[in-house]
Amino acid sequence: MLALAQTAAFLVVWRFAVHTQLGQWLDTVALTGNRIGQDRIDGPVNRILNAMSVVSLLAATAMIGFIALIRGRKALAVTATLLIAGANVSTQLLKRYLDRPDFGIDPERAAAGNSLPSGHTAVAASVAVALILVLPPKLRAAGAFLGAGYAAAAGVATLSAGWHRPSDAVAAYLVVGAWAAVAGLVLLFFQREQAVVSRADAHRVAAAVLGLGGVVALVVSALALSWLVDRSTVPVEELTRRPLFIGYAGSAAGIAGTIAVVSALVLATVHRLVPRWKG
């Protein structure tokens, strides 16, 4: 159900953000608003984005596999590795083969074509989610908050740097979330006879706090974007500082809220996906 729900959410985001004039206009407003205060955050943004490379992804994947192996979880090591690989490969394939119609809203970037989902955001999110799966129960909650924060920072950084539209980051989180759900099915299939679920390993409060925080951020984002809809007839280049800032800040809240909800879903179910071994 989670895999299907997040796949459906991805399709909704893609159709609205890419194939409607309103969706493209909202994305462009947010991407234009990133100029406000950009000089102050260029340094941190560049450090976050430059830290994401093929080498760093391979190193993170190896570390996650090593954590699972030292816990004696071979199936978990393989599944977590496949989660990272599958999420990032599918992200690159989607970005390459999905089309983006040109409605004349963002002529500066029209030649670049489709940019959804964001590859950098998928890297950060897939590592963060895989880390929740492989960490021992005592460290999962802390890992979920740190991973969600890191992935949120990466998604907002791609917007702040002008590399990606906000819908690109949101779509990347949903791709990772769908892969995480599929990984959960694989784990359940291979260990259902050898493990027992312990309620002591559940992190209900932490998952609720993370999920509620994500929902609040998504509500704030929806309110901000709803306020902008009434101004959608105005060309982006004619908007004043206030709507540009609201578009940027509201989109950043939507990015952070999405990964918080995705991480909360993983944290709420991980004690059933990676249960204790019998004996």
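Biologist: Hi! Which residues make the nonpolar surface patch of about 380 Å²?

Modeller: Hi! In this predicted model, the patch is made by V182, V186, F189 and F190.

Biologist: Where does V186 lie?

Modeller: V186 is part of helix α8.

Biologist: And how exposed is V186?

Modeller: V186 is partly exposed, and its relative accessible area is 31%. Patch residues need over 30%, so V186 passes that cut-off.

Biologist: Why is α8 described as largely enclosed by the rest of the structure?

Modeller: Because 19 of its 26 residues are buried.

Biologist: Switching to D168 now. Is D168 buried or exposed?

Modeller: D168, which also lies in helix α8, is buried. Even so, D168 has no salt bridge. The nearest side chain of opposite charge belongs to R165, 4.4 Å away, and a salt bridge needs the atoms to be within 4 Å.

Biologist: Then what does D168 touch, leaving out residues up to four places away in sequence?

Modeller: D168 touches S115, L116, P117 and S118.

Biologist: Where is P117?

Modeller: P117 sits in the loop between α5 (74–97) and α6 (119–134).

Biologist: And the peptide bond from L116 to P117, is it cis or trans?

Modeller: That bond is cis, with omega near 0 degrees. For background, most peptide bonds are trans.

How values were computed: Residues numbered from 1 in each chain as written. Predicted model: local features only at pLDDT ≥ 70, side-chain atom pairs only at ≥ 80, totals over all residues. Heavy atoms only, no water. Buried < 20%, exposed > 50% of the residue type's maximum accessible area, 1.4 Å probe, protein only. Helix = DSSP H or I, 4+ residues; strand = E, 2+ residues; numbered from the N terminus. Patch = residues over 30% accessible without salt bridge, like charges linked within 9 Å, V, L, I, M, F, W, Y side chains within 5 Å. Areas by Shrake-Rupley, 256 points an atom, 1.4 Å probe, with all protein chains shown as cover. Lys, Arg positive; Asp, Glu negative; His and termini not counted. Contact = heavy atoms within 4.5 Å.
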